[in-house]
Amino acid sequence: MLILRCPNCGIDADETELAPGGEAHLRRVGPEASDDAFEGYLFHRENPRGVHFERWRHAAGCGKWFHAARCTQTLEVFGTYSAQVTDPPQDIRDAITARRPGWRWRDIE
Amino acid sequence: MTTRLARGGRLLNRGRALEFTFNGKRMTGYQGDTLASALLGAGQRLVGRSFKYHRPRGLVASGAEEPNALVNLGEGGTFEPNQRATTQELYDGLAAESQNHWPSLEFDVGVANNYVSRFLPAGFYYKTFINPRPAWKHLFEPFIRQSAGLGRAPKERDADVYEHFHVHVDCLVIGGGIAGLAAALKAAEAGREVLLIEQTAHWGGRAPVDGAVIDGAEADAWVKNTVETLEGMENVRIRTRCMGVGVYDHGYVLAYERLTDHDPHPDLPRHRLWKIRASEVITATGALERPLSFAGNDVPGVMLASAVRDYVVNWAVSPGDRTVVVTNNDDAYRTAIALKEAGLEVPAVIDARTAPEGPLVERVRALGVRVETGRAVAKVKGRAKVEGVAMTMQAGEGAVLEVIDCDAVAMSGGWSPVVHLWSHCGGKLVWDDAQAFFRPDPEKAPTGADGQPFVRVVGAANGAMTTADVLADAGADAQAAPEAAGPIEPVWIMPQGAGPELRSKMWLDYQNDVKVSDVQLAAREGYESVEHTKRYTTLGMATDQGKLSNINGLAVLSRSLNAEIPQVGTTTFRPPYTPISFGSIAGQARGDMFQPLRRTPMHAWHMANGAHWEPVGHWRRPYCYLQPAETVEEAVQREVKNTREAVGLLDASTLGKIVVKGPDAGRFLDMLYTNMMSTLKPGRCRYGLMCNENGFLMDDGVVARIDEDTFLCHTTTGGAEHVHAHMEEWLQTEWWDWQVYTANVTEHYAQIGVVGPHAREVLDLVGGMDVSKEAMAFMDWQDGELGGLPVRVFRISFSGELSYEIAVKAGYGRALWDMLAEAGREVGMMPYGTEALHILRAEKGFIMIGDETDGTVTPQDLCLDWAISKKKDDYIGKRGQARSHLTDPERWKLVGLETVDGSVLEDGAYAVAEGRNANGQRNVQGRVTSTYRSPTLGRGIAMGLIRRGPERMGEVVEFTRTDGTTTRAKIVQPVFFDPEGEKQNV
Ligand SMILES: [Zn+2]
């Protein structure tokens with residue numbers, strides 16, 4: 001039962017208030033995409049033991065989406081941030097580096 | 001024979017006798033008794049039968065770890081099975097029944113299982129499921145079904161009341177023994193907000209029973225003082241009868257408070273589930289004693305040494321006149337002392353160690369008790385009760401040296417810290433070789449959101465096994481004298497060279513009847529993982545979750561595998577610590593409070609006019625309106641006919657209504673729907689299909705363009721919330737630079753359908769708007785006034801009839817409905833419900849989300865290609881629909897189905913094909929998605945998905961029936977009625 005701070009309304013939201021949205025920073029591909037690219041977009045997901053980036057929605061709160069960076073193994077939360085970015089912002093990356101030097105997720109480090 | 005001693009009993013109030021019954025027999029106990037102590041005090045040693053072999057079983061323990069003494073408690077609406085006699089406090093009038101026996105506790109035919117036990121080895125279920133098959137069906141299953149089962153399932157609705165508490169606290173201390181009390185006091189003195197909970201009704205845990213001395217006084221005095229101090233502090237809350245159930249992510253903890261189990265009261269909550277968020281959790285959950293594995297260790301009268309001590313000291317119960325103590329450690333000597341001090345006989349202490357020494361051993365010797373060292377129990381004599389023990393050498397194979405007469409055995413195989421709560425959320429364990437137990441690894445604590453440990457373990461739960469160590473570990477200012485104790489010597493089998501005969505009589509898991517020989521067999525059969533062995537043998541899978549058997553079982557396994565215990569590891573500890581009631585989990589969410597009920601503004605009218613309700617999502621909608629002496633089927637048929645021939649009135653308020661607004665609204669809806677919405681003219685409506693990115697149809701509905709920047713999207717009744725969420729997801733996470741706002745206004749408006757040939761007359765009778773063919777064409781909408789109320793009228797149809805849907809602010813809904821109902825009288829109007837709505841749409845071949853779709857169906861499957869724009873570069877689902885499997889011409893596609901004999905196909909029936917599959921089942925080539933008796937056509941009609949269906953018009957296909965026969969039906973166009981649409985075009 002996680003607690004994540006919603007960056008939109010500032011509330012420390014209990015997991016019961018939140019709806020999970022799966023992996024963060026997926027890049028949508030459209031009708032022009034190859035079968036492989038579309039399969040990757042639709043189905044292939046990271047499943048790390050460690051640093052992970054996720055989408056969450058403050059469903060029973062302000063209704064807004066946000067991103068969370070956390071450790072799937074220890075449940076440590078490195079930070080939450082806007083849903084309106086395509087990559088984790090630098091301050092989030094720095095916070096992770098401070099706790100997990102040498103971390104890597106997809107091609108982000 | 002167990003009896004009540006004349007004196008003593010630190011928890012008893014002998015001034016208040018309590019009457020209770022066990023298997024209908026009247027017995028007497030005292031206030032302060034548990035059901036277990038009261039049974040023993042009344043001479044009732046036999047308390048149940050084991051699950052598999054139906055062996056007679058007595059009490060083994062005195063607390064939550066008890067595996068045998070499970071009883072049915074109460075009756076009627078308060079009946080509950082599997083209640084632990086050791087944790088049930090006695091009250092006046094308590095009625096308990098033993099379980100797992102047939103026909104009676106004393107005489108049980110299932111005990112025959114005991115004599116065929118060599119045919120019921122580990123993994124019996126798995127082996128027998130396979131071969132021989134007929135034996136399972138005709139022999140094993142009927143026999144096992146009759147004789148197995150823990151307790152009876154309650155038959156009546158739970159009469160009790162339950163509730164939830166939500167609490168935030170700085171420091172939660174779980175366990176009210178001296179460690180928990182000391183830790184709570186320390187935290188409270190530091191000014192922290194503290195909640196201290198204890199699962200029993202008493203503070204102090206084992207220390208007072210074990211004769212601990214704290215700050216020079218008896219432990220009871222220190223406990224009393226400390227509790228009083230804590231009670232007097234404003235920053236402290238303390239609760240007894242409140243158990244820590246589980247520790248979860250980020251400091252979330254469940255606690256289970258038993259408010260009235262000790263004193264039932266019909267008006268007060270019985271249990272309370274605490275949902276706690278704590279900054280820090282301190283677990284002071286103590287330790288549990290382990291049994292020893294010797295032959296006959298399950299005979300009634302063999303108990304844990306600590307339990308014997310508890311019964312003597314706390315409840316003045318004699319476990320027997322002559323108790324032999326069997327041990328591998330010093331602690332059990334306290335039991336010998338307690339028995340002697342109570343005036344009872346201890347014929348011998350049988351110590352597996354060759355040279356035990358230390359103050360406790362010396363004290364027992366000084367009391368004149370015979371101490372046999374390097375010895376073991378070869379076997380317990382007696383079947384339904386202990387009659388003696390055969391003594392042997394621990395180092396040997398079991399040759400009997402001497403038989404010692406006794407009527408009880410107190411055993412101690414050492415202690416295991418209660419590490420459950422620590423482990424629930426990821427805390428790791430380390431094997432302590434010197435003390436022979438797993439204890440929390442302080443380097444690997446459960447961590448919180450900040451990455452720092454949030455659980456701390458103190459006292460015996462942390463491996464501190466003397467009073468002095470416990471107090472020091474809890475950071476107490478109070479002190480106790482250090483104790484010298486001899487080392488424990490791990491004993492996993494007694495005697496160590498015991499052969500198969502003895503090993504098959506050594507119980508590890510009492511409740512599930514798992515023996516040493518079963519675990520060894522599992523190891524021989526290749527089960528090397530402790531998790532697999534657990535499941536194969538069912539070790540630790542009973543309601544006690546292996547509290548007694550876990551360590552002994554894995555030690556036996558590791559021996560069999562020639563591995564060290566830490567390498568084999570332990571099974572995963574999962575919440576709850578002990579079973580909690582379903583009532584407490586549900587809390588007040590039951591009956592009318594189970595979930596919110598959504599009602600339309602016309603709900604009361606429906607109620608007053610014979611509505612037969614149907615739940616649709618959280619809504620209640622009339623399925624039909626029953627007239628006097630009418631069946632549901634008749635009402636539905638009447639409503640359909642009346643709507644087709646005269647006019648019907650429909651409450652459509654539950655339809656989802658979402659406003660989509662902004663300069664990019666059209667562009668957004670073009671992505672959201674498969675067809676083009678941006679070209680829709682203000683004042684016009686368009687039917688739209690919404691897919692997910694996989695390409696599958698998820699919702700449908702009519703979209704009305706209100707003005708250049710504003711659209712009103714109708715969704716299905718159950719779909720409003722998730723369609724709105726779907727829109728928001730794309731807007732917030734993908735196209736956040738688009739200027740679009742959405743609002744779910746479903747409940748802001750009531751919506752009423754006036755449907756049928758006389759629909760226009762009804763609106764004219766109410767008056768206020770020109771709704772003629774010329775003024776309002778099909779798929780037009782207009783704002784206006786009807787009967788003086790501001791309305792928005794949509795000329796849309798889901799029935800093929802002339803039809804108007806009228807939206808009005810929710811507060812005017814009932815007023816408009818009443819006006820329409822009154823005006824409609826003259827032209828024979830009747831209300832109709834959801835089932836008539838379904839039949840009306842099916843007669844016209846309109847699809848229904850959830851009937852024709854199930855999350856794997858595309859619009860193309862439903863032949864809705866006309867509603868898929870060819871002009872758009874992209875929409876959600878377009879790429880998904882281009883996947884090879886979704887473009888396969890062999891896919892099942894929508895057709896109409898007409899039974900040859902006019903009967904009604906069964907819902908969900910499969911169309912059978914030639915041949916059989918690998919499982920011997922008939923191949924299939926399609927299925928029925930909607931099926932009704934059509935009153936309009938006077939026959940059964942259906943829609944279904946059939947392989948290459950549209951290419952097979954006129955072909956007759958067979959459909960399954962639940963009676964094993966088939967029905968023949970012809971593939972036809974799905975539009976059964978008025979294919980040219982003449983009825984709505986008037
Ligand atoms: Zn929020």
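# Chat notes on chain B

Colleague: Helices H8(B) and H9(B) cross; is the crossing left-handed or right-handed?
Modeller: The crossing of H8(B) and H9(B) is left-handed. Keep in mind that this is a predicted model.

Colleague: Which residues make the contact?
Modeller: On the H8(B) side they are B:Tyr333, B:Arg334, B:Ala336 and B:Ile337, and H9(B) puts in B:Leu360, B:Val361, B:Arg363 and B:Val364. By type, six of the contact residues are nonpolar, two are charged and none is polar.

Colleague: And at what angle do H8(B) and H9(B) pack?
Modeller: About 30°, and the axes are 9 Å apart. Helix H8 covers residues 333–341 of chain B, and helix H9 covers residues 359–366 of chain B.

Colleague: What strands does H8(B) lie across?
Modeller: H8(B) lies across S20 (323–327), S21 and S26 (408–412) of chain B. Relative to S20(B), the helix runs at about 165°.

Colleague: What is the strand order in the sheet with S20 and S21 of chain B?
Modeller: The order is S18-S26-S20-S21-S22 (chain B), an open sheet of five strands with parallel pairing.

Colleague: Why is one side of S18 and of S22 of chain B left without a neighbour in that sheet?
Modeller: S18 (302–304) and S22 (371–373) of chain B stand at the edges and each has a single partner strand, so one side of each has no neighbour in the sheet. Going from one strand to the next, the twist averages 20°.

Colleague: How many bridges join S23(B) to S24 of chain B?
Modeller: Six, and S24 of chain B is residues 388–393. As an example, B:Val380 has B:Val389 in S24(B) as its bridge partner.

Colleague: New topic. How many residues of chain B are in contact with chain A?
Modeller: 21 residues of chain B, in contact with 20 residues of chain A. H21 (720–733) and H25 (878–881) of chain B each supply at least two residues of the chain B side. H21(B) gives the largest share, four residues.

Colleague: And what is that side of chain B divided into, by residue type?
Modeller: It has 10 charged, six polar and five nonpolar residues.

Colleague: What does UniProt list for residues 893–978 of chain B?
Modeller: The unreviewed UniProt entry lists "domain: Aminomethyltransferase C-terminal" there. In the model that stretch of chain B is 56% strand and 0% helix, and its end C-alpha atoms are 22 Å apart.

Colleague: Overall numbers for chain B: how many helices and strands?
Modeller: Chain B has 25 helices and 51 strands. Its C-alpha trace spans about 115 × 70 × 55 Å along the principal axes. Of its 986 residues, 52% count as buried.

Colleague: What percentage of contacts in chain B with a separation of 6 or more comes from residues 24 or more positions apart?
Modeller: For chain B that share is 66%.

Note on methods. Residues are numbered from 1 along each chain as its sequence is written. Chains are lettered from A and ligands numbered from 1 in the order in which they are written. This is a predicted model: local features need pLDDT of at least 70, side-chain atom pairs count only at pLDDT 80 or more; totals for chains, interfaces and linings use all residues. Axes are lines fitted to C-alpha atoms, for helices over the stretch in contact, and angles run from 0 to 180 degrees between N-to-C directions. A crossing is left-handed if the near helix is turned anticlockwise from the far one by less than a right angle, and right-handed if clockwise. Two residues are in contact if their C-beta atoms, placed from the backbone, lie within 7 Å. Ala, Val, Leu, Ile, Met, Phe, Trp, Tyr, Cys and Pro count as nonpolar, Asp, Glu, Lys and Arg as charged, and the others, Gly among them, as polar. UniProt positions are given in the numbering used here, feature names are shortened, and annotations may be inferred rather than shown by experiment. A residue is buried if 20 or more other C-beta atoms lie within 10 Å of its own, exposed if 12 or fewer, and partly exposed in between; C-beta atoms are placed from the backbone. Two strands pair if DSSP finds at least two bridges between them.
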